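Please work through each task before reading its solution.

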Amino acid sequence: MTAWKLSSNRRSVAILRVSSRKQTDNTSHEVQEREVADYAKSNGLNLVKVYKITESARHSKNRKQYRAALDFILSEGVRHILFYMQDREARNLQDLEDNENLIKNDQIVIHYVHDRRVLDKNSPESEFFSRDVHGVMNKNLSRVISAKVKDSMRYRAQMGWFPGGLVPLGYTYVRPKGADGREIRRAPATIEVDPNETHVRLVRREFELKAQGYSLDKIRESNIASGLVPNYMLPTYHRTSIDVRLHNRFYVGKFMWEGVEYDGKHPLIIPRDLWNAVAASFEDGIRASPITNEHGIFSGFLRCADPQCGCLITYDPKTKVIAKTGEKKTYHLYRCGNGRRVHSSFKGSYVSEESLWEQFGKAVDTLMVTEELAKAVADELNKSDHKLIDETRREIKSLEESLRGLEANNNRIFDLYLGGKIDDQEYKIQKARIRDQKSQVVREIDTLKARTDKKSQVSAKTIFELCNEAKTLWKDKAPVEKRNFLKRILSNQKLEGQTLRYNLKKPFAVLVEMQNSLDWWAFTDSNCGPLACKANALTN
């Protein structure tokens, strides 16, 4: 290093950088600031400002804090810039090149405090060359660290844990604690239900109100009025944030990472049937207030059966005065909205709400399933499921061992690269090959895990219980709950004049078909007979 001249301009600015808010090693802000202050004092520099920056130095365009500091330096005519070490200046070549031009134009002098190195316009080319070499090494180190972090986060996602920094309302990160009761900082955190019950209750209430037909604005108003929203959340508690939560699949055990959806291991705070009810309400385009007779319980639920029309059935109540008593009576009637002007008259096409309830009741009657049939189908499903699950679990275990082997290979390749035994090109080729192999194995594991999921048995059980209790549920529930019940079992509801048409959804249609068949029981011992085939159809 050549001697440098102090000149009359002794003003200096220190730029102190750490790449993480949690960094507490010997390059923390406190350590850097102390060393820089001592350096400035011992070298006769006037330290006018200290910038403490927490951002990566890998990409020049993303260094907003650094750019603000440099703008101040150039606009105020500050001559000396103090960095703790060279890698604190930049880990990209663009910033190094820009600073070199400023140095050679005699606009700035750069000091690397820890190394006691100075670069000014009179520094020899070898000093700049050495700086470039260190810059390339720092850039490559940043690239390698970034790749390892991405691999680690992707692996965490594959293991079922959301690797992001923020989790939705109702959840929190929990780190394991040591014997002293303190969190183990380096240990991976798990996602658990937020111990703040206020947050959990609020999220659940949002889903419950949406399932009942509330609009986003009504959900917000109701929760604020009932005191469920804490004061600190009021300024940001808007319909948009509610809508984001109602669509967030994190609450149903899923999460997205790098464009791929993963099954999460975090606990659920929203029951699946409640999630499904809310999802169905969005699919149907329901955005209205709570459904009451004021708006028509079947508004938006039926369509006209005329193939040339297909418009929604609308609520058109009629109020008449009874001549003898003077009493007003409202008749809850429905008709086609006729948005396409297909119908020239509505004469004979009005249907009462009572008639619709009666016709829908017949659909519920068809769902009565005998105990004998329920047991036979359940046994058939369970028998085949157990065999499949055992075989699939063995395959998953073998694939997981392969995945661990690939991870070990990946670490060996990285060690060879750091040791200089393979060059950068070979490292990239081997890394890409292992990454592709890992992705293929993970996809196979995910596919097999989907087969081991006992949703088929749970689904069958749910269907049987729903069928056998249908009549009781139908009688005891409120109109809104009845309507939601119909959405679970029916599809393609249409009104042909005053006659209701509909289809039973596949699982229920199969059960009804089996119940009405005279020979279903004759095939209970066959693996390929109608019973086995139709039982499997329940879960497809």
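**Exercise 1.** Which residues form one aromatic cluster?

*Solution.* The model is predicted. In it, one aromatic cluster is formed by F162, Y171, F207, F250, Y251, F255, W257, Y262 and W275. As for pairs, the structure holds 16 of them.

**Exercise 2.** Classify the pair of F298 and Y334, and state which parts of the chain the pair ties together.

*Solution.* Step 1: the ring centres of F298 and Y334 lie 5.9 Å apart, and the angle between the planes is 65 degrees. Step 2: planes over 60 degrees apart count as edge-to-face, so this pair is edge-to-face. Step 3: F298 belongs to the loop between α8 (272–283) and β10 (303–304), whereas Y334 belongs to strand β14 (residues 333–336). The pair therefore ties together parts that are 36 residues apart in sequence. Step 4: F298 and Y334 are both buried.

**Exercise 3.** Characterise the pair of F346 and Y350 and the accessibility of its two members.

*Solution.* Step 1: F346 and Y350 pair edge-to-face, with 6.4 Å from centre to centre and 70 degrees between the planes. Step 2: F346 has 23% relative accessibility and therefore counts as partly exposed. Step 3: Y350, at 23% relative accessibility, also counts as partly exposed.

**Exercise 4.** Which residues lie over the faces of F72 and F346?

*Solution.* Step 1: K49 is placed over the face of F72, 4.6 Å from the ring centre. Step 2: R335 is placed over the face of F346, 4.4 Å from the ring centre. Step 3: F346 thus has R335 over its face and Y350 as an edge-to-face partner.

How values were computed
Residues numbered from 1 in each chain as written. Predicted model: local features only at pLDDT ≥ 70, side-chain atom pairs only at ≥ 80, totals over all residues. Heavy atoms only, no water. Phe/Tyr/Trp six-rings, centres within 6.5 Å; stacked < 30°, edge-to-face > 60°. Helix = DSSP H or I, 4+ residues; strand = E, 2+ residues; numbered from the N terminus. Buried < 20%, exposed > 50% of the residue type's maximum accessible area, 1.4 Å probe, protein only. Lys NZ or Arg CZ within 6 Å of the ring centre and 35° of its normal.
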